[in-house]
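The entries below follow the order in which I looked things up.

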Amino acid sequence: MQINPQEYAEASRYESLIKSYPGRPQYILAIMQDLQKQYNYLPRLALTMISSHVGVPVSKIYAMASFYKAFSLTPKGRFVFRVCDGTACHIKGSETLLDQLYQHLGIKAGQTTEDGQFSLETVNCLGACALAPVVVVNGKVYGKVKPGDLEEIIRECGGQCHVS
Amino acid sequence: MSAKIKENNYDQQTVLVCCGTGCTANGGRKVYEAFVEKVKDHTEWKVQPILKSTGCNGWCEKGPLVRIMPRDITYCSVTPKDVDEIINKTLLEGSLVKRLLYRDPVTKEHLSSHHQTDFYRKQHKVALRNIGEIDPGRIEDYIERGGYQALALALHNMSGQEVIDAVKASGLRGRGGGGFPTGVKWQSCKDAPGQPKYIICNGDEGDPGAFMDRSIMEGDPHTVIEGMILGAYAVGASQGFIYVRDEYDLAVQYLGKAIEDARSHGYLGPNILNSGFSFDIEIVRGGGAFVCGEETALIASIEGRTGEPKDKYIFPSEKGLWGQPTVINNVETWANVPVIILHGADSFASIGTSGSKGTKVFSLVGKVVNTGLVEVPMGTTLREIIFEIGGGVLKKRKFKAVQTGGPSGGCIPEELLDLPIDFDSLTQAGSMMGSGGLIVMDDHTCMVEVARYYVNFLAGESCGKCTPCREGIRALLEILTRICNGEGRPEDVEMLEEISTTMQEASLCALGRTAPNPVLSTLRYFRDEYLAHIEQHKCPAGVCRNLTTFYIDADACTGCGLCKKQCSVDAIQGEKKETHVIDESLCIRCGECFRNCAFNAVKIR
């Protein structure tokens, strides 16, 4: 694989992580999960490196990266709002929370604000149904969230709400 | 069960702090840390109490739970601030902290142990037998409660075939949803030619609103591992995989530790307990795709491909992982196996109904008083679970339906509440057992919107390989969205039924074949709601925003101000003790006022 000098430093960062797994297809998923955890997305260069490490065409690697929900091909914001949209949360009003976050931040599920501060995601179920509806921001769990609580949560992250 | 599940002998005061997912989110871990810190600060102990963080006790509604053994005291909703008082009063003086005890809503009596509550009294723990009683990070705790005895028994006194015969005789059926007889599956794998053979534990719990498997993996990882080793011995497999959702951090962590500990104790690895039998387990973290709960898709995912299912002309038990004979069972199924081997098939088969033996774990969520995990014998009625164990519908509202079986299941109405639940009765009612989610819905839940929710979920999860599922779900979603937006057409109901039937017949895997269930079951039991949306442009539950305008009934409003306080957009005006008014131009129709008004004064126009 041809790597230009600028990419060299980047590549060497990914290399140790990728090479820590044996070069077999069954480890593609695990490698991608570790990359996603460390960098918050799957860098393009890393995908080509996985491809040559495990001997699977990069098209197949891309297919996996886009198939599984855990992976993102673009960098995520500094604060990731994960709104649980499991059934229990849904019937207790998670949709209204998403609407309100759109009002405040101008992003829908799957999007990131232009300044790279906030990302909004939905998750299928966090298994904390007793606290429904649940919003998780960078690992911090907010339970029984009401639409009116969101402004405060956004402010905690140093964000500004748009006046809508 | 006639055979006893071994209880701990507590000769020392022990504090069990629930650190399951629900309690942790509620601050359980901080309570545990506070105990660790403060117990050290006290010097007056004759014998210092033992502190343990446990898996999920199931009663998430009242968490974080703290239990004091051997006196069997349970404190609810404990915060770090309460820790000092518990140490001083209960651990040192031996008295109760009354305000932290559960108060029975009917008798108003304070109950010192959770075992006295309706929530626990009616349960029967088999798969969850150890959870909440042990520290999942300590193999010694599991062994103390009879763990790995079934394994020793099987390896030294039973042949592989005898293990299969026992599982067959127990009547155990797969708990992941399908309900396929476990023993039959194992037999087919044992009889299939080819080596090596594989064992897989399906921990890709994807149903929204269901967290049974997660609790088992987090709270008692060794029971899953012991079950898998027994299965491997029975069919002659040498390698096992646990496929678990990567989002389940805690489960991955505890399973990893449990596998290491099992190896160092000689329960995993070469020549297990000097029997000559060798087996090992690897963890595979899933990538977050609902369809991977389907066996063949899961196998594809472990092999390192996109998780697309295959048609099952040949079952995985004959040709599965890398083309080799493979047994796949769900987490809860594996958790039952050690009990069957140790206490005998007969005692297991004595619980349940004629077609479905043993117990089933359900996650009881939604508009119900006691949210949490419950394990009951098969054949228990929905009414017992929801109203006796679950304490009924939240805020004493009217029960409308209970959704079972996740996105592939259906909604069951009030008239079927006395249905004894087992695999077959739920299928007949147009739903299914699924993995065990029970989502309670009240009269403020719109059934059309619920159907749209599930179809929307499946639209994102359909892998796209076969046309009936891919296109069918999209068409269903389009129609349901239209109806919820108030643009439904008279022919829509018929169209929904026609598409659904085609999908049931023509889809490749179970995801597509069962995807129309939420639509068909709501059409079957709540057709009038569909018609109200289409013909009268009304959403009787006040959920679909385009069809809903809230107003306050001047006769019923007492001017208490609760709705005004809860309105996040300041759309409600009014002085105290005077009738309040909703400004329709500001209202976002979130329904907070509608759901919370104690006088039912907020109404739908």
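Entry 1, chain A. I kept in mind throughout that this is a predicted model. I looked up the secondary structure of chain A and found seven helices and four strands, which follow the pattern α-α-α-α-β-α-α-β-β-β-α along the sequence. The C-alpha atoms of this chain fill a box of roughly 50 × 30 × 25 Å along the principal axes, and 40% of its 164 residues count as buried. For contacts in chain A between residues at least 6 apart in sequence, I noted that 60% join residues at least 24 apart.

The largest core holds 215 residues, and A:Val134, B:Ile229 and B:Leu230 have the most contacts inside it. Apart from that core lies another of 13 residues, including B:Ile552 and B:Phe594. I then went back to B:Ile229 and, leaving out residues up to four places away in sequence, found that it touches B:Leu151, B:Tyr267, B:Leu268, B:Ile272 and B:Phe279.

Which strands pair with β15(B), and in what sense? Strand β11 (residues 359–366) of chain B pairs with it in the parallel sense over four bridges, whereas strand β13 (residues 399–404) of chain B runs antiparallel to it, joined by five bridges. I noted B:Leu438 as the bridge partner of B:Leu364 and also of B:Thr404.

Technical notes. Residues numbered from 1 in each chain as written. Chains lettered and ligands numbered in written order. Predicted model: local features only at pLDDT ≥ 70, side-chain atom pairs only at ≥ 80, totals over all residues. Helix = DSSP H or I, 4+ residues; strand = E, 2+ residues; numbered from the N terminus. Buried ≥ 20, exposed ≤ 12 C-beta atoms within 10 Å, placed from the backbone. Contact = placed C-beta atoms within 7 Å. Core = buried A, V, L, I, M, F, W, Y, C linked by C-beta atoms within 7 Å. Pairing = 2+ DSSP bridges.
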